[in-house]
Amino acid sequence: MTTAIATAAGTRPWPGLIQAYRPHLPVSERTPIVTLHEGNTPLVPAPGLSRCIDPAGRVQVLLKFDGANPTGSFKDRGMTMAMSKALEEGKRAVVCASTGNTSASAAAYAARAGMQCVVLIPKGNIALGKLSQAMLYGAEVFEVEGNFDDCLRLVVEMGESLPVEIVNSINPYRIQGQKTAAFEIIDQLGGEPPDFQFMPVGNAGNITAYWLGYSEAAADGRVSRRPVMCGFQAAGANPIVRGAPVEKPETIATAIRIGNPASWKQAVAARDESGGIIEDVTDEEILEQYKWTARTEGLIAEPASLAGVAGLVKVAKRGFFEARLSGRSPSHPLRIVCILTGHGLKDPERAIKCATAPTTVPADLKEVAKRLRLG
Ligand SMILES: *Cc1c(COP(=O)(O)O)cnc(C)c1O
């Protein structure tokens, strides 16, 4: 992390999100802060996507690149809080169920805190990068013969009967840490919230956390309004859209392959209080944006992250923003933030499956030139 905060006295390095937003978080002088200096991730303008949504330039889309966190996903925001509080409470071991990123994050922060970490993941359904992280950070990894929902049920049972702290998003401190992303976006937009926010929804902790962050900022008078929240599930794992749990969720976006979200009610509340939507997108729509965003904006995120972007493109096509564009201009655009929740390098197998394979050539200029497609 090289980012520095400008202050009257000059600059100081980013201290991690607990120190940066301490007055808004449930920590005290007694809380030992476990941090990898997470947060302060870039909010990157996406000119290609903006033009795609409105060729007249009345829309500005920005991508919150949370894959830039230390373990490559937004899960670090919650984990710095959960691990600090577990340590404060004298816990020696943590446990979590995970579709991959929570386990990577828990394992890293447990290593930093000197705690034991146990992770339960669904066998065969987690991206290689995430599994390799949990292993390398030194967690005890159990591959459960079942899906994520089975893992989470097991973790809850472990929490009731064993001396371990649960660090899934049902841990209230996770949501507290994650809400800081909303504060950052407001800061990065010069003290204004966006008009709309688009994001993926899996276990629904993140949409809950963002809504809490925006709501607290509004209650404190730091902002005068809150964004319209638009969440997207995968079509094969869409319990909130259906209004019923999905027994066997299926999607290539493994981070949102969840059939019975823990924060279901809170997600619905965020949608309804903000006048937003929770809909779904197909795997084909997700993969199209996965490639398009990489090639057009130069940013890679894991497939689940692109559910929000795919949702944005989909609703824009049906005229979702039309009524809201009157009075807008390129100098006063409608601002839409999409959350890129996890880094594209997490899932190299998917990237290789989607993209053009390299061409093998002899080490000879003529041969390379012959195969080159310039211009
Ligand atoms: C965890 C995760 C999600 C889903 O977030 P929820 O809080 O479970 O809704 C989306 N994308 C990525 C990359 C994740 O790791």
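A: A residue counts as near a molecule if one of its heavy atoms lies within 4 Å of it. This is a predicted model, in which local features need pLDDT of at least 70 and side-chain atom pairs count only at pLDDT 80 or more, while totals for chains, interfaces and linings use all residues. Residues are numbered from 1 along each chain as its sequence is written, and side-chain values use heavy atoms, with hydrogens and water left out.

Q: Which residues come nearest to the ligand?
A: Of the 16 residues around the ligand, the nearest are Lys-75, Asn-101, Asn-203, Asn-206 and Thr-341.

Q: Which polar backbone atom is 2.7 Å from an oxygen atom of the ligand?
A: In a polar contact (N or O atoms within 3.5 Å), that backbone atom belongs to Asn-203, while Gly-202 has a polar backbone atom 2.8 Å from a ligand oxygen.

Q: At what angle do helix 12 and helix 13 pack?
A: Helices are DSSP runs (H or I, at least four residues), and angles between their N-to-C directions run from 0 to 180 degrees. Helix 12 (residues 283–297) and helix 13 (residues 306–317) pack at about 100°, with axes 8 Å apart, and are therefore roughly perpendicular (65 to 115 degrees).

How values were computed
Helices (H or I, at least four residues) and strands (E, at least two) are DSSP runs, numbered from the N terminus. Angles under 35 degrees count as roughly parallel, over 145 as roughly antiparallel, 65 to 115 as roughly perpendicular and the rest as oblique. A polar contact is a pair of N or O atoms within 3.5 Å; within protein, one must be able to donate a hydrogen and the other to accept it, and residues adjacent in sequence count only if both atoms are side-chain atoms.
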